[in-house]
Amino acid sequence: MDKNILLRAYRLMMTAKAMAEIYEENRPICKYVHSTSRGHEAIQLATGLQLKPSDYISPYYRDESIMLGMGWRPYEMMLQLLAKGDDPFTGGREYYNHPNSRRENYPKIIHQSSATGMQAVPTTGIAQGFQYIEKLLSKTSETALSEDEKDSFQAIVKDKPVVVCCFGDGSITEGEVSEAFQFAALKQLPIIYLVEDNDWGISVSSDEARSMNAYEFIAGFKGIERLQVDGSDFEKSYACMENAIHYVRENRKPILVHATVPLLGHHTSGVRKEWYRPEDDLTKHAKDDPGPKLRKKLLEKGVSASELDTIEQEEKEFIAKEFQLAVEAPDPNPLSVSDFVFAENLITEEVGCRTPAHGEKVVMVDAALHAIEELMRKHPECLFYGQDVGRRIGGVFREAATLAEKFGDDRVFNTAIQEAYIIGSTIGLSALGLKAFVEVQFADYIYPGINQLVTEISKSSYLTCGKFPVSMVLRVPIGAYGGGGPYHSGSIESLLANIKGIKVAYPSNAADLKGLLKAAYYDPNPVVMLEHKGLYWSKVPGTDDAKTIEPDADYILPFGKGLSVLQATDEAIENGESMCIITYGMGVHWAKNAAQQYPGLVEVIDIRTIFPLDEALIFSTVKRHGKCLVLTEEQLRNSFAEAMACRIQQDCFYQLDAPVKTLGALNLPAVPMNTILEAAMLPTVEKVEQAIGELLAF
Ligand SMILES: Cc1ncc(C[n+]2csc(CCOP(=O)(O)OP(=O)(O)O)c2C)c(N)n1
């Protein structure tokens with residue numbers, strides 16, 4: 001093997017060693033929790049040194065030496081260690097070695113969270129995106145791509161990029177990792193899963209945690225190749241990674257590399273190895289230190305001991321200077337604390353024609369379908385996938401009907417039942433400039449995927465300082481009607497409203513749904529579209545208003561704009577006899593129907609989006625009437641509706657003539673199936689009529 005590569009690796013091993021030592025010597029300064037790569041350097045350098053700028057990698061928190069191998073300067077890494085303002089990855093917001101980067105001439109890195117194993121899904125999504133682009137380009141006759149589109153897609157895949165997803169062995173037992181493996185195996189994606197097996201997951205030993213190692217486990221995923229290597233031997237590791245990278249680059253297929261490594265440092269600066277690792281274990285691991293092993297090899301190849309000593313000394317001195325510089329660097333500006341939660345969204349005004357002169361009425365489900373069809377015609381980067389949305393039935397609500405026939409199975413397809421993958425994979429696609437509509441079949445089944453939404457998607461823009469906002473739309477059929485039962489009727493808007501960093505819409509009619517879907521598509525941020533199943537076809541009595549004239553294709557309705565859908569008379573307002581109802585989704589229809597009993601006395605505001613929320617409209621309406629009912633389909637206690645009522649109370653206190661009233665479902669764990677029980681639990685038109693009466697009489 002080329003001596004220069006060995007010498008380069010040796011130098012970087014000495015860099016990593018000097019870094020670990022200086023951090024340990026300066027523990028009071030290095031106060032934020034951190035891990036080092038000590039013991040894992042050989043396999044990590046073998047990986048970092050061989051990637052191209054067009055490749056993507058997700059290093060985990062111990063992959064410091066991968067970063068060194070890819071050319072990152074220790075000073076820059078130390079800025080993150082010390083959470084300094086110039087930390088090029090997260091601006092002082094995240095732990096050491098949680099990188100992300102779009103830097104030119106370096107492999108790219110999407111947002112890295114600390115949640116073990118959760119990188120598997122987003123990172124596999126990148127490989128899914130590469131494959132999609134390659135297919136798109138190979139079928140240009142079917143897909144009319146403009147020259148610009150062709151050029152930009154070609155630029156992404158021209159060097160046959162690979163994706164590397166790194167893990168500690170302990171994280172392979174996470175369920176989401178299997179979802180990613182399954183998808184990569186099934187679709188044959190160009191990805192390398194690199195497992196660094198040091199036998200420990202904090203204090204959990206491998207024999208306590210698993211019945212097989214990652215190399216054995218992956219054999220069950222047909223179609224994923226596998227290699228195993230002594231990850232403490234640089235030459236062997238380099239050859240293994242060269243093979244793996246070549247295999248994926250040329251064959252566009254997945255592979256797993258299982259590298260055994262010693263763990264020489266502490267688990268983290270805060271969890272010390274002496275606490276739980278016996279002396280003989282520490283001695284065993286120390287024998288495999290990659291540095292001395294490589295030194296021995298270099299001596300055998302005729303490199304002098306003094307040359308190697310000089311390298312070690314030079315790196316020690318270099319690192320001391322780098323550390324000093326990093327210590328002196330400024331802290332972040334506290335005024336920047338709220339920056340980058342969302343990427344700038346250019347859709348701020350309602351545009352296009354909402355009610356074309358000769359337009360026809362549509363049901364909500366068709367308005368959504370048409371919105372997506374119009375977008376897919378215009379945007380080759382637009383995909384749609386989820387359970388049962390593919391060609392055979394086009395969605396269990398027919399909400400994707402005919403799309404696969406029109407746009408092909410690469411763009412509209414069925415997935416397995418794997419909500420985490422469905423949701424989290426959009427992160428990888430978004431990094432490449434692709435834009436997915438994805439769907440979970442019922443709101444009740446968002447829970448297996450909620451982790452990706454919270455842990456990865458919602459934090460990506462904020463923690464990458466705006467480098468990786470996630471542009472995606474998650475469609476979620478929601479709500480109760482007609483005995484749907486406990487697992488097909490649930491409401492989830494409070495859960496979603498509690499996730500900072502995502503936007504949430506809950507339209508009540510076809511025109512709004514179509515306009516909001518367009519806005520969601522053009523928003524560079526993550527959006528959840530809640531679509532009430534009972535309104536899809538206006539089958540529920542009293543919901544005819546959910547059908548509207550279909551807006552033109554150019555119609556876009558921005559988020560954060562509520563609408564007054566029923567007004568009180570001026571006279572009633574002047575006489576102090578009026579009130580307003582603030583609501584959304586099915587609540588809009590209950591409110592409008594109930595208000596018929598009190599003609600001219602009730603204004604109804606449809607907020608249309610949960611976040612952003614049109615507080616200006618809400619507060620001004622409440623102040624005009626002095627009485628307000630907040631109405632929701634959700635169980636009331638600790639809900640989004642209660643929080644909104646609280647804010648109304650705070651802002652409108654001096655104009656209120658009665659306490660803000662709230663009405664929602666009973667506080668039960670689930671919506672029971674029998675329709676009598678269902679009606680007993682949920683708000684109904686009658687219950688709303690009664691609440692209006694009470695409030696007006698207050
Ligand atoms: C989802 C999740 N659960 C728990 C933790 C806490 N935790 C941090 S590291 C770790 C052990 C990981 O072991 P392994 O993947 O083998 O990596 P190693 O640290 O040994 O390199 C645990 C349990 C976490 N970060 N994320």
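Q188 sits in the loop that links α7 (175-187) to β3 (191-197); helices (H or I, at least four residues) and strands (E, at least two) are DSSP runs, numbered from the N terminus. This is a predicted model, where local features need pLDDT of at least 70 and side-chain atom pairs count only at pLDDT 80 or more, while totals for chains, interfaces and linings use all residues. Numbering starts from 1 along each chain as its sequence is written.

Let's stay with Q188 for a moment. Its phi is near 55°, a positive value in a residue other than glycine. Q188 counts as partly exposed because 15 other C-beta atoms lie within 10 Å; the scale calls a residue buried at 20 or more such atoms, exposed at 12 or fewer, and partly exposed in between, with C-beta atoms placed from the backbone. Leaving aside neighbours within four places in sequence, Q188 is in contact with G223, K253 and P254, a contact being two C-beta atoms, placed from the backbone, within 7 Å. Y32 is 156 residues from Q188 along the chain, and their C-alpha atoms are separated by 40 Å.

D388 also has a positive phi, near 65°, and is a residue other than glycine. Its loop runs between β9 (382-386) and α15 (403-407), and D388 is partly exposed because it has 17 C-beta neighbours inside 10 Å. Another backbone feature to look at is the cis peptide bond from F611 to P612, with omega near -5°. P612 belongs to the loop between β19 (609-611) and α23 (615-625).

Not counting residues up to four places away in sequence, I192 touches V162, V164, A244, I245, V248, I255 and V257.

I372 leads us to α14, where the buried residues include I372, L369, L375 and M376. Helix α14 (residues 364-378) has 15 residues, so at 1.5 Å a residue it should span 21 Å, and its end C-alpha atoms, 22 Å apart, agree with that; the expected span is 1.5 Å times one less than the number of residues.

Stepping back, the protein chain is divided into domain 1 (3-112 + 119-330), domain 2 (361-549) and domain 3 (563-697), with bounds from an automatic or database domain assignment. The centres of domain 1 and domain 3, taken over C-alpha atoms, are 54 Å apart.
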